[in-house]
Amino acid sequence: MPRRHDDAASCSATVGAVPRQPVRSVAVVGGGVAGLAVAAALGDHTRVVVHEAQPERATTGWPLVLGPWARPALHALGILEPVVRAGAPVGPGRLFALDGRPLTRAHDAHLLAVPRPALLAALSAAASSRGVRVVDGEVTDPSTLDADLVLGADGVRSRVRALVDPRAGERVATPWVALRGRLAAAPPRRDVGEYWGPGLLAGLVPAPGGGYWFTTHRSDLGPEPLAVGPVLAQARAVGRDAAPAIRALLGEEAVLDHATATRLWLAPPLRHYVRGRYVLLGDAAHAMTPNLGRGAGEALVDAASLAAHVVRGRPLWEWQARRLPATRMARTASSLVMRAATAEHGAGLRDGVLRLSLGGAAPRGGRR
């Protein structure tokens, strides 16, 4: 009797064309972090073509936070040193109540804030040096791509995803909208961290060239693209009792000139990332809320580990069996943290639990 695997480990390679072994050609749909990383990792071993619909976006975007778990992937790709040079340590931070009362002691999670353009430039240089070809243009039907393996690294709006699971082609809207903006100078160390509701999540993070800030709250504004003004007005109203550092930030008129407003979207829950010659990685597979700062790091781990399986000629269901449970857990945990951070009721109980459970009880104090 043929061997069977559960949903997490099941490779749907029995449905559709099975990738040719050895893999001689790979088409990567999407030239973001996941796409360029897997292309760079495979470039020395097979013919790789990356298809990127919006090449102009390589020079834009907010800093990405990478945790220690991403460093082995960066090392395997040969870009750890330039990425570390381009980034800046986030350093110690803590959780605060929205009004500024510390909920935890300062803790250094050894996070690195890296400008998105710098990370993409390092990945692009690595891919180019290994013979990867990049083609600018949208792929409207990935099934027409002539390659042994088609990798969907095309983000939360993935077109490849429907070829892996026809029921999961569309992205999933969340109830949350986010504001993001730059800081001209690094925030004072005493203010670095996240500020948790009721109703609003805010954060101040050091980054190269200064820092950046973000807020998230529930909103029915839409459709996209979202104008900054209405989202900012909602954030100001929800955050009227926020810590002085957050109120001052949201009160600046210059916010309208440099901030962006977006709805947060998720990839639909998937039972598999592989079907025949099609494989999903990065946000195409598991786009999650940004609360744990794992999106870019998980994309790098996806890429490095997938490439290692392809190069060794290992079955893709083995890669899926390792990555699907880990990314499913991260996706679920991120959403739970978002719900806790923006909860409109029960914040006092939540804050009491945080004081006792994360980093020891923080000193009590009034608003800062």
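## Close-up views of a predicted protein model

**View 1. Gln54 sits in a loop between two strands.** Let us start with Gln54, which is found in the loop between strand S2 (47-52) and strand S3 (64-66). Everything in these views comes from a predicted model. Is Gln54 buried, partly exposed or exposed? Its relative accessible area is 41%, so Gln54 counts as partly exposed. Now look for Gly32, which is 22 residues away from Gln54 along the chain.

**View 2. Strand S3 belongs to an open sheet of 3 strands.** Follow the chain from the loop of Gln54 into strand S3. The order of the strands in this sheet is S3-S6-S4, and the pairing is antiparallel. Which strands stand at the edges? They are S3 and strand S4 (88-89); each has a single partner strand, so one side of each is left without a neighbour in the sheet. The pairing of S3 with strand S6 (residues 112-114) is antiparallel and runs over 3 bridges. To find one of these places in the view, look for Leu64, whose bridge partner in S6 is Val114.

View 3. Strand S9 (residues 172-183) pairs with S12 in the antiparallel sense, over 8 bridges. In this pairing, Leu179 stands opposite Thr215 of S12. Strand S11 (residues 200-207) also pairs with S12 in the antiparallel sense, over 8 bridges. S11 and S12 form a hairpin with 2 residues between the strands. Within this hairpin, Gly209 takes a positive phi near 85°. As you trace the strands, keep one general point in mind: in a regular strand, side chains alternate between the two faces of the sheet.

**View 4. His286 is a buried residue in helix H9.** This helix spans residues 283-286, and His286 lies in it. Why does His286 count as buried? Its relative accessibility is 1%, and buried means under 20%. Which residues does His286 touch, leaving aside its neighbours within four places in sequence? It is in contact with Ala267, Tyr273, Glu298, Asp302 and Thr327.

**View 5. Ser334 is a buried residue in helix H11.** Ser334 is found in helix H11, which covers residues 316-341. With a relative accessible area of 0%, Ser334 is buried. Its contacts, again leaving aside neighbours within four places in sequence, are Met288, Thr289, Asn291 and Leu292. Take Asn291 as an example: Ser334 and Asn291 are 43 residues apart in sequence, yet their C-alpha atoms are 5.3 Å apart in space.

**View 6. Stepping back, the protein chain has 12 helices and 15 strands.** The radius of gyration is 21 Å, close to the 21 Å that the globule rule gives for 368 residues, so the chain is as compact as a globular protein of that length. Along the principal axes, the C-alpha atoms fill a box of roughly 65 × 45 × 40 Å. Buried residues make up 52% of the 368 residues. Of the contacts between residues at least 6 apart in sequence, 75% join residues at least 24 apart. The accessible surface comes to about 16700 Å², and 55% of it belongs to carbon and sulfur atoms. Finally, the chain carries 44 positive and 30 negative charges, and the mean positions of the two sets are 5 Å apart.

How values were computed:
Residues numbered from 1 in each chain as written. Predicted model: local features only at pLDDT ≥ 70, side-chain atom pairs only at ≥ 80, totals over all residues. Heavy atoms only, no water. Helix = DSSP H or I, 4+ residues; strand = E, 2+ residues; numbered from the N terminus. Rg over C-alpha atoms; globule rule 2.2 N^0.38 Å. Buried < 20%, exposed > 50% of the residue type's maximum accessible area, 1.4 Å probe, protein only. Contact = heavy atoms within 4.5 Å. Areas by Shrake-Rupley, 256 points an atom, 1.4 Å probe, with all protein chains shown as cover. Lys, Arg positive; Asp, Glu negative; His and termini not counted. Charge placed at Lys NZ, Arg CZ, Asp CG, Glu CD. Pairing = 2+ DSSP bridges.
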